[in-house]
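Trainee: I would like to learn how to read strands, helices and surface features in a model. Could we walk through one together?

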Amino acid sequence: MKLEWKQFLNQPQFWGIFLLSELVFIFVGFRVAEQWQDIPSMIFFVMAVNLLYLLYGAEQARLEMKHYIAEQIHSLPRGYRYYVMKLGYWLSHVLLFYLISVVSIIMYFTSQQVEMNGVVLTMIWTYTFCNWFVPFLISVVIGYSLYSIFPHMSTYLVIVFVWILLGPYNPFVELLPSDLSPYLAVADTNFQLTHYIYVSEHMIVNTGSYWQRIVVVMAAFTIFLASVGLLRRLHQVRILIPTLLAGIVLIAYTAPTPRISDQPGSLQLEPDPYNGNRYSIEAYSMDLHHAEVDHKLSYSLDIQMIANDEHVSFALWDSIHIASLEWNGEKLAFHRQGNWVHVRLPSGQAGAGVLHLEAHTSEYPDVNPTSLLLLSTVPWYPMHPDEAIDPMGNAKKEKYDITLHHTGHNHVKSNLTQREDHVFTGEAYGPTILKGYFNQTNNLLYLVQYDKNDIRNKMNQIRGVYQEMGISSPTRLYFVSSATTYSANPDESFTTPLPIPLEQTVKHYLSKR
């Protein structure tokens, strides 16, 4: 590895280009990324460095062929060590470029007094490792391998094609079907959606992205082993290559997708068309399963209620699909219109009972691979019509017992009491389950992806509206990236800080009381 570094330093055409690229990369970071949240906007400059590493790998292979290095190595005992050291050199080269880039940008943020805590620093390092370091590394390996297999000048055209496939460009130029881009692109293909819409996922590496990076590293290493004749002849490598290929296929078929699909439109609740509100709810018991893939969520729910009529309706977003409904163990037929569900209880069975519901969704935009934004004020769960239409004026506390099943991080916030076994219990004006990274100051809670000063300005605007209308402001204020722009009950207020006239939105919401 020392020999490789010495050779690199003796080639000014290479180290000069990399030095200039590092300086430009850092300068671009200073200009583009005013806040740490802007780091994903450097994605196209990252792609330029990917191309540089692809070409550098190919040039190394071309120079080796020019000087017959492979033939000399093959004649040496344990010549395979040369290629092991080459991998070590590439790893150290990419690591140095990566560390200088990230440390410089973090130091710049620090000098500009950008707010960063331990959670944010972890997000920066994790995000840049997966979207900077990994693509830089596999680029140099693939560039070297491709020229070793096809030692011709036309290979550079192939390299440009591969560069496009491995980057975020494919969704725009569509050289291959866009559905394949999340599996090929070693980049943040969700950055446009997460920057403005699914902000709770912004700069978060989901499980599908981790597995995708593992697959591309395995693929790059497999191509490298197959491209070097000396390595191909080793008995261990002949066993390793098919094993790696089998692992790649297995992971590709079983791992979750890294993609976050766009679910357009805001959520608005229309008036109840059924008028089935002659009942009261006493308690909810829920088993909640977060699949941590795209917008997938499912739950089973028991509602203890007292029905004064056989006709019962409740609010439930139409993106949440009902698999079955039962009343005291007896299956029920149901009708849906928009965001409302109507059931007719069996004849003579009105009164106290348990309504059991099985539901699932893959379209609810407040559910994402690593985050949940389940608000107490909106019908992601069956809500009584009066509360759903006006949670501020008709709020009623019920008992809740919710078990959350998930395998991701444990950054979960709730208005219920949380036990160690992921069970949330208590009385509230509806259940709030928030999973994500939040900053909290007293009764103010907001996503770390939001700017603190902007949040405080919007908080003052909201409180000003409440004072102007003579209404008591909710105790707890949340700023989340929900598809519901604003909602509130006597205890909690939920705001999505979009660039819209906030005061007008809050006034319109409160005027429904």
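**Reading the fold step by step**

Mentor: Let us begin with strand β3 (residues 311–315), which is mostly covered, as 4 of its 5 residues are buried. Buried means under 20% relative accessible area, exposed means over 50%, and partly exposed lies in between (1.4 Å probe, protein chains only). Helices (H or I, at least four residues) and strands (E, at least two) are DSSP runs numbered from the N terminus. This is a predicted model, in which local features need pLDDT of at least 70, side-chain atom pairs count only at pLDDT 80 or more, and totals for chains, interfaces and linings use all residues. Residues are numbered from 1 along each chain as its sequence is written, and side-chain values use heavy atoms, with hydrogens and water left out.

Trainee: Which strand is joined to β3, and by how many bridges?

Mentor: Two strands pair if DSSP finds at least two bridges between them. Here, 5 bridges join β3 to strand β7 (residues 340–344), and the two run antiparallel. Within this pair, F314 stands opposite V341 in β7.

Trainee: How many strands does the open sheet have, and in which order?

Mentor: The open sheet has 5 strands in the order β15-β16-β17-β19-β18, with mixed pairing. Its edge strands, β15 (438–441) and β18 (486–488), each pair on one side only. From one strand to the next, the twist averages 10 degrees. One of the pairings is parallel: β17 (residues 476–479) meets β19 (residues 492–495) over 4 bridges, where R476 has E492 in β19 as its bridge partner.

Trainee: Which strands does helix α15 lie across?

Mentor: For such packing, contact means heavy atoms within 4.5 Å. Axes are lines fitted to C-alpha atoms, for helices over the stretch in contact, and angles run from 0 to 180 degrees between N-to-C directions. Helix α15 (residues 452–469) lies across β15, β16 (444–447), β17, β18 and β19, at about 130 degrees to β17. Helix α16 (residues 502–510) lies across β18 and β19, at about 45 degrees to β18.

Trainee: Now the backbone. What should I look for in phi?

Mentor: Most residues other than glycine have a negative phi, and most peptide bonds are trans. Q113 has a positive phi of about 60 degrees although it is not a glycine, and E292 has a positive phi of about 60 degrees while also not being a glycine. Q113 sits in the loop between α5 (81–111) and α6 (118–149), whereas E292 sits in the loop between β1 (279–290) and β2 (297–307).

Trainee: Is E292 buried or exposed, and why?

Mentor: E292 counts as buried because its relative accessibility is 8%. Q113, at 73%, counts as exposed.

Trainee: Which residues form the nonpolar patch on the surface?

Mentor: Accessible areas come from the Shrake-Rupley method with a 1.4 Å probe, and for residues only the protein chains shown count as cover. L95, L99, V103, M107 and W125 form this patch, with about 410 Å² of accessible area together. Its largest share, 4 residues, comes from α5. L99 is found in that helix, α5, and is partly exposed because its relative accessible area is 34%.

Definitions and conventions:
Patches are made of residues with over 30% relative accessible area and no salt bridge: like charges are joined within 9 Å, nonpolar side chains (Val, Leu, Ile, Met, Phe, Trp, Tyr) within 5 Å. A salt bridge is a side-chain nitrogen of Lys or Arg within 4 Å of a carboxyl oxygen of Asp or Glu.
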